Amino acid sequence: MTMDRTRLTFFVIIGVAVLVVVCGVGISLLPRITGSLGLSPMPTPAPAAETLEVRVVCALPVEPWVTEAAKQFNAEGHTLEGHPIHVEIVPMDGLTAKGRYERGEFGTEGSPYPTAWIPDSRYLVELVNATYKDLRGRDVFLTDGEYRARPIAVSLFAWGIYATREKVLREKYGEIDWHAIHDAATAKGGWPELGGNLEWGYFKLVVPNPNKNVGGLAAMVAAAGEYYDKNIIGVEDVMDPAFQAWLGELMGAVTDFSSLGAYSVENLALFGYSMGDGGQLLESDLLVNMQGIQTRWADPLVIVYPQYVTWFDFPFTVWMGPETTAQEKNAALEFEKYLLSPEVQQQALKRGLRPANPDVPLDGPDSLFVKWQSQGAKVVVPRATAMRSPDRDVLDALLKWFDRNVAQR
Amino acid sequence: MRRKQTSGTIAVLAGLLILLVFVIIGCCSCWGVLNRLAPSGGETPMPVRSQATLRLAYSPEKEPLLSELVTGFNALGLTTPDGQPMTVETVQLEPDAMIQGALSGDFQAITPDSSIWLDQLDRAWQEQTGSESPLVGQTVRYAISPIVIAMWADVAQGMGYPAQPVGWLDLLARAQSDPNFGWSHPSTTTASGLLATLAEFYAGAGKTRGLTEEDVQRQSTLDYVAAIEKTVRYYGEGEWALVQRLLSEGRGDLDAFVCQEQLVIYYNRQAGSSSGPALVAVYPKEGSLWEDHPLALLETPDLTANQRLVFSRFVEYLQSSETQARVLAHGYRPTDLSISLSGPDSPFTSDLGVDPAQPQTALQVPSPAVVQVVQDVWWYTKRHTNVYLVADTSGSMEGEKLESAQEALRIFVEQIKGDVERVGLIEFASDVYDVVEMDELGRNREKLMAGIDGLWAGGDTSLLDGVKVAYDRLQERGDTERINAIVVMTDGLENDSVISLYELISRIKEGNARGVRVVVFCIAYGDDADLNTLRAIAEASGGDVRRGDPETIRQLYKILSTYF
């Protein structure tokens, strides 16, 4: 009997063990078996469609508008081929972004590769393309076709000067141009010599630091255009000692090229006439800060358009390298289309930008150009000569001159 | 029978063993199935939770504002997408210590008093790492404040202000012509001190812009600045500490000092005078300079995505209209330009000593290279020092107390960079001992270090005799060109001096009135120190009493070193 009970126990244990294994192996093979038999697999939750992340490195003057648009875009739940699109905006000055592209600094841990870039100007795109042509033998940003760089808004450079100072300069020089500003900047007796108040000190010019804000480079290009009275400048013009001496005297009137220099119009508004009497700055920045200046300082700002006009066109530029997928590139195009839609372009107008979409009129109800007409803002700029985009060598020469002669002063 | 039982047991054990093997196989099979059913997929590693606490260093004068804002932000209870609470942790540091900490990766964001330090930080970072990419990343501003000359209202009126504009040159001329006129500025380790020094160099070079390295190093400029610096009473750790001291101890013999505009508002509010402002902000006619309080993210290699997110949220919080209203309430000019400085809640009123329409003009900020030269050269032009370190080595100092004090004394000597500064060391217990004679640090720095190392504890406390010896030595030296000071530290009660407290105080008052002005800074070390005696000595000399313990004594001596 004892023997039988032991055997029974042994077979029960073996039986349980076999059952456990059969169940385990059976469950693990079930999907394969059902699959081979053409039966429906075990129901599992359907995977959510993967979100397409669009990361846009964006120039600072349009960043508030683009960021706001991205928030709306994300909230509206746009999709591409069933995939939700999520847009992230990374604010970055155009020159800083150019440097990062050229040094291969994008795509590090915690910082995925940008899907698109909105630099300040088309010529920054061309400079990065030139670098990558050497490295990869092809353009990384396209100039034609579906993925070509398209401007999303335009802003001109114009003089923004405190009204009391502008009045004195007008009385002294008639026209306000780079020549008049140069003479004011080099007046040894400061404002009293020009007919202004003693407490204003010297004439103080506002020029953004070209190493931190591409607007500073644009200002130097515009100054060169007026100095030579022509709309295209070459390296030989930049290297001319007489021009360099003239530009050096002009830059000597800038109050601050330190870290504060990155903000330009914001500085003019925040620090008022104490830091700068005026400068040639981005029209949109001037318009946006006009109200704030009137709230903070008793003296309002006046806008004056120069004879030689430079501008930023903020091209939306899709990165064509293999670091981003085809779907991500197409998702970026969806966001570009959104930015160019009349409703979003209308938002640009509210921020002092000239819409790239011709269907959106500049003199609409929310137009800052209309609101600040009394301060010199103009919908149509008369008798202006457009400066042509300088080539890479000219820009390099100007930056090198700045580093050697102004940044180290 | 026994054999049968044994074979049965073996069979059961064998069965159990087989069961175990099969159970393991079964479990493995089930695990495989569970893995397949898991929604994340079997090959995806567990996500690593990234750090969501942003460590932020700030300059001391922002203490009231930053504590309120950071507390407000942390109370919002924001969380990161992976569910971690978003937190900002703060540490208060002077800008030079902030730069060192940033280079060591001690924090992920900084908000010093001025952008001037950001350039210096990037220069140092590039030298340290050789990297072309700057350490300073996204930078925003939330508050600004001009640098002003804070004067007592009666002093400003005496100089014709506000009817007559007053400038740096007027201040410097007054200080040179009137030996009773007391003024100070912080050392060049703070933006206010640095910018006040820049103003002196501009005046010395006869310029208000275009200051060059050659201008700074020209002998005539150096002589001018040195002459001006001789009129400075003493330096200090910063404008915030000075304002605190004025509030707690009264006006003293200081007529004017350089600080941020918001501190004038702060002082006048705290002082609460009903008959107009006690302090007036004078905006120098040659031009002022601005402190722009940047908030900068540091692109350190170990910065996490969550910390970047916390920074973004903190920026949004700082720039919100509610926070900007708080910025205004603290006496800063908010960066939100829609907030008027002339509104009903604005503290920018003549009653609080400030004028929102000022400053009219600013001095030009030189390049970082010129700023560096000014900082370096200042050590040679500043008012030099004769300082006695007087240390208690009585029996109660034995052990950790003395060890900490020795380390603090060493830090003090290390912190004083200029080799022409004179330092001596006196110890007191039952008697007074001249450990190291006063001499220029270029000659006795090593002797001082060895003397400090050799201190040992034992005996009673001849505190008053120790101070008397140091004081007499400084009077005998008769050097009015330099700052003359005593830094005395004790942990107990006076019990063994020949001179009485009354006699010592009379001696100090008479000596300071007739001979060399000697300031005594006292450190009450530990809970048993005789605070009343120390306070009486400090007050008699126009000095100050600080409390310390073995934990804080090093920092305390470090702070006191900035006075010289």
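1. B:His293 is buried, having 28 other C-beta atoms within 10 Å. A residue is called buried if 20 or more other C-beta atoms lie within 10 Å of its own, exposed if 12 or fewer, and partly exposed in between, with C-beta atoms placed from the backbone. B:His293 sits in the loop between strand 9 (290-291) and strand 10 (294-298) of chain B. Helices (H or I, at least four residues) and strands (E, at least two) are DSSP runs, numbered from the N terminus. The phi of B:His293 is near 40°, a positive value in a residue other than glycine.

2. The model is predicted: local features need pLDDT of at least 70, side-chain atom pairs count only at pLDDT 80 or more, and totals for chains, interfaces and linings use all residues. Residues are numbered from 1 along each chain as its sequence is written, while chains are lettered from A and ligands numbered from 1 in the order in which they are written.

3. Most residues other than glycine have a negative phi, and most peptide bonds are trans. A:Glu81 belongs to the loop between strand 2 (79-80) and strand 3 (83-91) of chain A. Because A:Glu81 has 9 C-beta neighbours inside 10 Å, this residue counts as exposed.

4. Two cis peptide bonds in chain B deserve a look. One runs from B:Tyr161 to B:Pro162, with omega near 10°; B:Pro162 is in the loop between helix 5 (153-158) and helix 6 (168-177) of chain B. Another joins B:Gln358 and B:Pro359, where omega is about -5°. B:Pro359 lies in the loop between strand 11 (333-334) and helix 14 (368-381) of chain B.

5. The secondary structure of chain B consists of 20 helices and 17 strands. Its radius of gyration is 31 Å, well over the 24 Å that the globule rule gives for 564 residues, so chain B is more spread out than a compact globule. The radius is taken over C-alpha atoms, and the globule rule is 2.2 Å times the number of residues to the power 0.38. Along its principal axes, the C-alpha trace of chain B spans about 120 × 65 × 50 Å. Of the 564 residues of chain B, 48% count as buried.

6. Among contacts in chain B with a separation of 6 or more, 76% are between residues 24 or more positions apart. Two residues are in contact if their C-beta atoms, placed from the backbone, lie within 7 Å. B:Met86 is in the loop between helix 2 (63-75) and strand 2 (87-92) of chain B, and counts as buried with 23 C-beta neighbours inside 10 Å. Not counting residues up to four places away in sequence, B:Met86 touches B:Ala52, B:Leu78, B:Thr79, B:Thr80, B:Val310 and B:Arg313.

7. The largest nonpolar core has 216 residues, of which A:Val66, A:Ile118, B:Ala109, B:Ala150 and B:Val282 touch the most other members. Such a core is a set of buried Ala, Val, Leu, Ile, Met, Phe, Trp, Tyr and Cys residues joined through C-beta atoms within 7 Å. Helix 8 (residues 214-228) of chain A gives the most to this core, with ten residues. Apart from this core lies another, of 60 residues, including B:Phe428 and B:Ile523. Leaving aside neighbours within four places in sequence, B:Val282 is in contact with B:Val148, B:Ile149, B:Met151, B:Ala156, B:Tyr161 and B:Val166.

8. Chain A is divided into domain 1 (52-152 + 314-340) and domain 2 (155-311 + 374-407), with bounds that come from an automatic or database domain assignment. Taken over C-alpha atoms, the centres of the two domains are separated by 30 Å. Their contact takes eleven residues from domain 1 of chain A and eleven residues from domain 2 of chain A. On the domain 1 side, helix 3 (94-102) and helix 4 (122-136) of chain A each supply at least two residues, and helix 4 gives the most, with five residues.

9. Helix 3 of chain A is mostly covered, since seven of its nine residues are buried. Its buried residues include A:Gly94, A:Leu95 and A:Tyr101. Among the elements that cover them are strand 1 (52-58), strand 4 (116-118), helix 4 and helix 8 of chain A. After helix 3 of chain A comes A:Gly104, whose phi is positive, near 65°.
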